[in-house]
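Here is a friendly walk through the fold, meant to be read with the model open beside you.

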Amino acid sequence: MSDTDSPDIGDIGKFDPGTTQRLMSAMRPFLKTYFRSEVHGLDAFPPGGALVVANHSGGMFPMDVPIFSVDFYEKFGYDRPVYTLSHDILFMGPTAPLFRRAGYIRANRENAARALRAGGVVVVFPGGDYDAYRPTLSENVIDFNGRKGYVSTAIEAGVPIVPAVSIGGQETQLYLSRGTWLAERLGIKRLLRSAIMPVSFGFPFGFSAVIPPNLPLPSKLVMQLLEPIDIAAQFGEDPDVDEVDEHVRSVMQDGLTTLASGRRFPILG
């Protein structure tokens, strides 16, 4: 067992720059050709620890993190880790060690705080699967389902929030419904800690309620990083969490609306 696989080392200590670099090298050609991915706004990215707060898109196959990471590492190198707060289910299978070496960490306050205080960049999707499976007709709406914990995380760690918005993920197939009614009837929440059972239509199986899993269409995926938010400077030394959250979502909604206005055709971009 390698050091990065040791159960005695926390999630943060398992990041492996070499493994991550090999993964990015393998994924970059696919992301840049199949999804024609673009990331804008990295020139204004702040130094040190930062909390990237993003909308989540793409259903079962979200590409937000790979798209961001490929361009981030190309610009800043692998000495500055990107950590992604992730659902526990990601760490249950045989690929769990690989995810940990690539910077995926369990979504809890302790992991986030340690990563941020160590100068790492932490990516969080407050909306989670609720956001990732939003109906295609609502693809340009920022909705975190009332989750605001990310604000307290940034305040406690003393780091800026970097809002990020992406577009195109909800066009990889036609997302029809989050299926909350179906999840409740099937008891999914008790099994998978999820209150949704999304219904979609795509290729090659047509209608799907997660199973069978359709393949993502080659939609053009674009991410825009917005101006960093210095919470203390903008909201004072004792900021109100609700006020900060409302501001972040407002800024992100404006950014996503702007991205949508420049998109001429679904999938094609």
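P204 sits in the loop between β8 and β9, and a cis peptide bond joins it to F203, with omega about 5°. Before going on, please keep in mind that this is a predicted model, where local features need pLDDT of at least 70 and side-chain atom pairs count only at pLDDT 80 or more, while totals for chains, interfaces and linings use all residues. Residues are numbered from 1 along each chain as its sequence is written, and side-chain values use heavy atoms, leaving out hydrogens and water. Helices (H or I, at least four residues) and strands (E, at least two) are DSSP runs, numbered from the N terminus.

Strand β8 (residues 199–202) pairs with β9 in the antiparallel sense over three bridges, and S200 has S208 in β9 as its bridge partner.

The loop between β9 and β10 is worth a look too. P212 is found there, joined to I211 by a cis peptide bond with omega about -5°. V210 is also in the loop between β9 and β10, and it has a positive phi of about 75° although it is not a glycine.

**The seven-stranded sheet**

Which strand order does the open sheet of seven strands have? The order is β1-β10-β6-β2-β5-β3-β4, and the pairing is mixed. β1 (38–40) and β4 (104–106) are the edge strands, each pairing on one side only. Neighbouring strands are turned by 25° against each other on average, direction ignored. β1 pairs with strand β10 (residues 222–225) in the parallel sense over three bridges, and H40 stands opposite Q224 in β10.

Two helices lie across strands of this region. α2 lies across β1, β2 (50–54), β3 (82–86), β4, β5 (121–124), β6 (161–167) and β10, running at about 170° to β3. α6 lies across β2, β5 and β6, and runs at about 165° to β2.

**How the helices pack**

Two packed helices are described by the angle between their axes and the distance between the axes. Axes are lines fitted to C-alpha atoms, for helices over the stretch in contact, and angles run from 0 to 180 degrees between N-to-C directions.

| Helix pair | Angle | Axis distance |
|---|---|---|
| α1 (residues 17–34) and α2 (residues 64–76) | about 115° | 9 Å |
| α6 (residues 149–157) and α10 (residues 241–261) | about 110° | 9 Å |
| α4 (residues 109–117) and α6 | about 40° | 10 Å |

For α6 and α10, the angle of about 110° makes α6 roughly perpendicular to α10 (65 to 115 degrees). Contact means heavy atoms within 4.5 Å, and by that rule Y150, V151, S152 and I155 in α6 meet V241, V244, D245, V248 and R249 in α10. These residues divide into six nonpolar, one polar and two charged. Ala, Val, Leu, Ile, Met, Phe, Trp, Tyr, Cys and Pro count as nonpolar, Asp, Glu, Lys and Arg as charged, and the others, Gly among them, as polar.

α1 and α2 cross in a left-handed way. A crossing is left-handed if the near helix is turned anticlockwise from the far one by less than a right angle, and right-handed if clockwise. T20, M24, M27, R28, L31 and K32 in α1 meet P66, I67, S69, V70, D71, Y73 and E74 in α2. By class, this contact has seven nonpolar, two polar and four charged residues.

The crossing of α4 and α6 is right-handed. R109, A112, L116 and R117 in α4 meet G149, S152, T153, E156 and A157 in α6. This contact divides into three nonpolar, three polar and three charged residues.

**Salt bridges**

How many salt bridges does the structure hold? There are twelve, each a side-chain nitrogen of Lys or Arg within 4 Å of a carboxyl oxygen of Asp or Glu. One of them joins R100 to D11, with the closest N and O atoms 3.3 Å apart. This pair links distant parts of the chain, 89 residues apart: R100 is in helix α3 (residues 96–101) and D11 is in the segment before α1.

Technical notes
Parallel < 35°, antiparallel > 145°, perpendicular 65-115°, else oblique. Pairing = 2+ DSSP bridges.
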